[in-house]
Amino acid sequence: MEKNKKPVIAIVSLTCCEGCQVAILDLGEKFLKLAEHIKIGDFAFLEDMPEAPNYDVVFVEGAPISEENITRLKKLREKSKLLVALGACAALGGIAEIKNYQDKNERMRYVYKNIEGINNPDIKPLSFYVKVDFEIPGCPISGEEFLRVAESLIAGVPPRLPQRPVCYDCQLKENKCLLQGGQPCLGPIILGGCGAPCPTSFYPCDGCRGPLKEANPENLNKELTKQGYSEEEFKMIAERFGMRDKIEEPKLKN
């Protein structure tokens, strides 16, 4: 970023529950301290303002599930130096991508009586449509992780997320292993850094942070099969946040 000039950032949403933006606001005073060093060009949760002509960094939450969403995303990319996918919907496709693995027209009829004229494309992450410079994973994101990434980007330092599994976080908390206890926990193949809130609450990890870069889902699949779970059950868990495509990509490349 230019010296002595406050970078202009935007935090915008496409189609989502906007929980990631709530996580940012939950930072409270910490976010206000960050705001002292930036110029907020667009953040509807704080104030409804016209879009700035250009942004240094734009954080985009949500999945593009309509033509309007896709058009807006592409315009944001054109006017932004850096574009960051904010949360599972933006980085993976999120909950909405579940319909990709089903009859999407039937899913639409379940919600709407008349589906004619309603956009119903396959759900894809932001990276399918535009270049994404960084992803902040989670559903919702960790506010503290957002803060670290934002501070790095503003300082012109490329942020990094350690490639450690959720199991690493569980070990730090001395959690009892749910996978060894017979539950379908995806912790061994999922990017950690969240603090393992789900396993800590005795709920198996189902992958909202997406797979590790070197994840080996086949080994986990074999372990779950030994425990009586079918491959279809494993795939259904991987579908919850749109992660199934990402863990199957290595197979397609091979």
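Q: Where is leucine 25, and what makes that place a helix?
A: Leucine 25 is in helix α1, residues 19-25. Helices are DSSP runs of H or I with at least four residues, strands are runs of E with at least two, and both are numbered from the N terminus. The model is predicted: local features need pLDDT of at least 70, side-chain atom pairs count only at pLDDT 80 or more, and totals for chains, interfaces and linings use all residues. Residues are numbered from 1 along each chain as its sequence is written, and side-chain values use heavy atoms, with hydrogens and water left out.

Q: Why is leucine 25 called partly exposed?
A: Its relative accessible area is 31%. Buried means under 20%, exposed means over 50%, and partly exposed is in between, with a 1.4 Å probe and protein chains only. Leucine 25 is therefore partly exposed.

Q: What makes Val22, Leu25, Phe45 and Leu46 a nonpolar surface patch?
A: Patch residues have over 30% relative accessible area and no salt bridge; nonpolar side chains (Val, Leu, Ile, Met, Phe, Trp, Tyr) are joined within 5 Å, and like charges within 9 Å. Leu25 has 31%. The patch made by the four residues covers about 300 Å², an area from the Shrake-Rupley method with a 1.4 Å probe, where for residues only the protein chains shown count as cover.

Q: How do you know whether glutamate 145 is buried or exposed?
A: Glutamate 145, in helix α6 (residues 143-154), has a relative accessible area of 3%, so it is buried. Leaving aside residues up to four places away in sequence, it touches Ile136, Pro137, Leu161, Gly193 and Arg209; a contact means heavy atoms within 4.5 Å.

Q: Why does arginine 209 count as buried?
A: The relative accessibility of arginine 209 is 7%, so it counts as buried. It sits in the loop between α8 (197-200) and α9 (217-226). Its contacts, again without residues up to four places away in sequence, include Pro137, Gly138, Glu145 and Cys194.

Q: What makes the pairing of the arginine 209 and glutamate 145 side chains a polar contact?
A: A polar contact is a pair of N or O atoms within 3.5 Å; within protein, one must be able to donate a hydrogen and the other to accept it, and residues adjacent in sequence count only if both atoms are side-chain atoms. The distance between these two side chains is 2.9 Å, and they make such a contact.

Q: How do you know that aspartate 42 and arginine 72 form a salt bridge?
A: Side chains of opposite charge can pair when their charged atoms come close. A salt bridge is a side-chain nitrogen of Lys or Arg within 4 Å of a carboxyl oxygen of Asp or Glu. For aspartate 42 and arginine 72, the closest N and O atoms are 3.6 Å apart, and the pair is a salt bridge. Aspartate 42 lies in strand β2 (residues 39-42) and arginine 72 in helix α3 (residues 67-78), so the pair ties together parts that are 30 residues apart in sequence.

Q: What makes aspartate 133 and arginine 77 a salt bridge?
A: Their N to O distance is 2.9 Å, and their side chains meet in a salt bridge. Aspartate 133 is in the loop between α5 (104-111) and β5 (134-136), and arginine 77 is in helix α3, 56 residues apart. Arg77, Lys131 and Asp133 are linked in a network of salt bridges. The structure holds twelve salt bridges.

Q: Why does glutamate 174 count as exposed?
A: Its relative accessibility is 72%, so it counts as exposed. Glutamate 174 lies in the loop between α7 (166-172) and α8, and has a positive phi of about 60° although it is not a glycine.
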